[in-house]
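I opened this entry to look up the charged side chains and how they pair. My notes follow the model shown here.

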Amino acid sequence: MKEVILKRELTWEWVEAQIDIASEWVKKMPIRHVTGLPRGGLIPAVMISHRCNLKFIDNEAAKLLPTRMRRQVLVVDDIADSGETLLDLHDYDFLTLTLAYRFDSKYVPDKYCDFIEDKAWLVFPWESKDSDPVQDYLK
């Protein structure tokens, strides 16, 4: 029997509300640069970059910054789901922000905007509505 996975389609209004929350936090922090994790973090990172008038830099360029400057870099992702992607960045000492944080993620970002209390697959507005819970590039 095939497992049924509940999907929750998020709207651009939901995204804008999370960007509002994120931007208020970002404006209080000593952040100089914003980067986004491919693929889900790129759109919200650019939105935050515009909203907070911060320079967007490539993820790989951020890793090359001197250690003392990395704490001024905000890494954005759409969700801390399993937490694996963000855990990979732990040694860089970046600040991290996600639009959503799932209750059982292995990584808690410095800031998250929405707490997800269930296992529903979140479909962000920039994703295909029929997206698989495991993205093609991870298979």
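The model is a predicted one.

Are the two partners buried or exposed? Aspartate 81 counts as partly exposed because its relative accessibility is 27%. Arginine 102 has a relative accessible area of 2%, so I noted it as buried.

I then noted a network: salt bridges with shared partners join Glu16, Asp20 and Arg51. For the structure as a whole I have eight salt bridges.

Next I looked up aspartate 118, which forms a salt bridge with arginine 8 at 2.4 Å between the closest N and O atoms. Aspartate 118 lies in the loop between strand E6 (111–116) and strand E7 (121–123), arginine 8 lies in strand E1 (residues 7–9), and 110 residues separate them. Aspartate 118 is partly exposed at 28% relative accessibility, and arginine 8 is partly exposed at 29%.

Within helix H3 (residues 59–63), I found lysine 63 and glutamate 60 three residues apart, about one turn of the helix. They form a salt bridge, with the closest N and O atoms 3.2 Å apart.

Last, I checked aspartate 77 in strand E4 (residues 73–80). Aspartate 77 is buried and has no salt bridge; arginine 39, the nearest side chain of opposite charge, is 9.7 Å away. Beyond its sequence neighbours within four places, aspartate 77 has contacts including Leu37, Thr85 and Leu99.

Definitions and conventions:
Residues numbered from 1 in each chain as written. Predicted model: local features only at pLDDT ≥ 70, side-chain atom pairs only at ≥ 80, totals over all residues. Heavy atoms only, no water. Helix = DSSP H or I, 4+ residues; strand = E, 2+ residues; numbered from the N terminus. Buried < 20%, exposed > 50% of the residue type's maximum accessible area, 1.4 Å probe, protein only. Lys, Arg positive; Asp, Glu negative; His and termini not counted. Salt bridge = Lys/Arg side-chain N within 4 Å of Asp/Glu carboxyl O. Contact = heavy atoms within 4.5 Å.
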